[in-house]
Amino acid sequence: MKRFTNLLSLATRPKPQVGITPADVFFSENKWRLLRYRARPEGICHPTPLLLVPSLINRHYVLDLMPGKSFAEYMVAQGFDVFCIDWGTPGDEDRYVTFDDIVDGALGRAIRQVAKTVPHEKTHVLGYCMGGTLTAIHGAVHPEYIQSFIALAAPVKFNDGSLLSRWTNLKGFDLDTLVEATGNVPWQLLQSAFQLLRPTLPLMKAMNLLDRAWNDEFLDGFLALEAWGNDNVSIPGEFYRTFIKDLYQQDLLLTGGFRLKGRKVELKNLVCPTLAVSFEHDNIVPGPSAAALIDACGAVDKQHLHLPGGHVGAVVSKHAAKTLWPQLVAFYAKHDQPVVASPAPRIEVEVAPAKKGEPARSSRHGRAVRTSAVAE
Amino acid sequence: MMIWDQWKKGFDTWEQKTADMLESVLKSPTVLQPMTGLLTSTMKVKSATEKAAAQWWGALGLPTKREQEKTLHALNQIQSRLIDLEERLAELKKN
């Protein structure tokens, strides 16, 4: 009976709040922001901070979906000083933002900003999906500030016979015309491409909804994920051109021909402890594409985890909180000596509630602005 | 409940098989090529239309959308360079 009442009230059901773990804007430049989650009251107990690097295509709050299903919240509770990049929404002028601007510029700056919050100037970096690919590329050229690297479902081998690989390698696929015409490559196009990877997914989701509609917790999680899944971002055209041409079409990352700001990217120079995580039912980043990082990187301490689950569900769910997340914490524990708990970092807070659709105001350094509504 | 479970099981099997079948269909160049061709043609038309509109706009002596975008981008680049300099200065001060 509850199943039917829940289904009937679906349209009027209050939308679950997403991305609500308290965070402050630590740094901002152009459209991207570096968020710092507020430390737990007991203080931070790991000497090295953690930087989360999400994909450019989706919103950052997938890693902070909702209470109980938030990786950021979990890591804060474990005593980490957690930072996350919010790539923001590119404006029309950002069509000229290049791969170098993002990976060497913005990502490099974010890593340095986080690393410099501690005396030993190192940070753990966790890259999810495309964020993992970008971090691997950056880390191969600038390994100095990275203590350890976790690549969560991050593609490294692109010529893998998948639909996306085949589509971008077709003779008729005119990348330059696409970028020229669209400027920022529209999220609708990217979304359609992902939907083609599993055209039956909407039906499957509807069936799961029918099946578990009696469960309020499931419904809230379902609605939160749908809210995130429909909140996509367009990609800067020049960035997309390099990403597709050099990675999907020529697979240069594994062959060593890829260049970042003129410097050759060789994954064997990525020497920090590295963990690559792939998922069995990931139809966006197939397992071998993510696992290729382990063979290619030069780390002595490297590990590959292949877990059941899909691209998003295995990372953001109650199940992930019991299976994946503790393994990630164990990886960090192995590569970081715990220290005596220190008091939570003092952050001068200037209350400035963010308006919907408007980025919160902030200064670039130090003085942070409270953005409890960062994920609006 | 038994009927529902049976039905769900059947659906899951059907979904898996259909998804596999659709994947092989969509991967086929026979399907992928025309879809890609259509996308490229649409983009060419969009590009040509915008170019014509920009030329007309430019003929009136007004800045085109592209020119405004380039200017804004240049401003953003200057901001980035300034932050680079700030970082270097901070580094020098520290040393």
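## A nonpolar surface patch on chain B

A nonpolar patch is made of side chains of Val, Leu, Ile, Met, Phe, Trp or Tyr joined within 5 Å, each residue having over 30% relative accessible area and no salt bridge. In this predicted model, such a patch on the surface is formed by L72(B), L75(B), I78(B), L82(B) and L85(B), with about 480 Å² of accessible area together. One of these residues, L85(B), belongs to helix α3 of chain B, which covers residues 65-94.

## Form of chain B

Chain B contains 3 helices and 0 strands, and its pattern along the sequence reads α-α-α. Its radius of gyration is 28 Å, whereas the globule rule gives 12 Å for 95 residues; the chain is therefore more spread out than a compact globule. Along the principal axes, the C-alpha atoms of chain B fill a box of roughly 70 × 55 × 30 Å.

Of the 95 residues in chain B, 22% are buried. The chain exposes about 7,100 Å², and carbon and sulfur atoms supply 68% of that area.

Side chains of opposite charge can pair when their charged atoms come close. Over all chains, the structure holds 33 salt bridges.

Within chain B, R81(B) and D84(B) form a salt bridge with an N to O distance of 3.1 Å. Both residues lie in helix α3 of chain B, 3 residues apart, which is about one turn of the helix. R81(B) counts as partly exposed, at 40% relative accessibility, and D84(B) is also assigned as partly exposed, at 21%. R81(B) and D84(B) belong to a network of salt bridges that also links E87(B) with E29(A), R109(A) and R112(A).

A further salt bridge connects E91(B) with K116(A), at 2.7 Å from N to O. Because E91(B) lies in helix α3 of chain B and K116(A) in the loop between α3 (99-115) and β5 (123-128) of chain A, this pair joins two chains. E91(B) is partly exposed at 26% relative accessibility, and K116(A) is partly exposed at 31%.

Which residue forms a salt bridge with D231(A)? The partner is R59(A), and the closest N and O atoms are 3.2 Å apart. D231(A) occupies the loop between α9 (216-229) and α10 of chain A, while R59(A) occupies the loop between β3 (50-53) and α2 (71-77), so the pair ties together parts that are 172 residues apart in sequence.

The partners fall into separate accessibility classes under a cut-off in which buried means under 20% relative accessible area. D231(A), at 22%, counts as partly exposed, whereas R59(A), at 17%, counts as buried.

A pair of aromatic rings is described by the distance of the centres and the angle of the planes. There are 18 aromatic pairs over all chains.

Another contact in chain A involves a charge and a ring: R95(A) lies over the face of Y96(A), at 5.8 Å from the ring centre.

Technical notes: Residues are numbered from 1 along each chain as its sequence is written. Chains are lettered from A and ligands numbered from 1 in the order in which they are written. This is a predicted model: local features need pLDDT of at least 70, side-chain atom pairs count only at pLDDT 80 or more; totals for chains, interfaces and linings use all residues. Side-chain values use heavy atoms; hydrogens and water are left out. Patches are made of residues with over 30% relative accessible area and no salt bridge: like charges are joined within 9 Å, nonpolar side chains (Val, Leu, Ile, Met, Phe, Trp, Tyr) within 5 Å. Accessible areas come from the Shrake-Rupley method with a 1.4 Å probe; for residues, only the protein chains shown count as cover. A salt bridge is a side-chain nitrogen of Lys or Arg within 4 Å of a carboxyl oxygen of Asp or Glu. Helices (H or I, at least four residues) and strands (E, at least two) are DSSP runs, numbered from the N terminus. Rings of Phe, Tyr and Trp (its six-membered ring) pair if their centres lie within 6.5 Å; planes under 30 degrees apart count as stacked, over 60 as edge-to-face and the rest as tilted. A charge sits over a ring if NZ of Lys or CZ of Arg is within 6 Å of the ring centre and within 35 degrees of the ring normal. The radius of gyration is taken over C-alpha atoms; the globule rule is 2.2 Å times the number of residues to the power 0.38. Buried means under 20% relative accessible area, exposed over 50%, partly exposed in between (1.4 Å probe, protein chains only).
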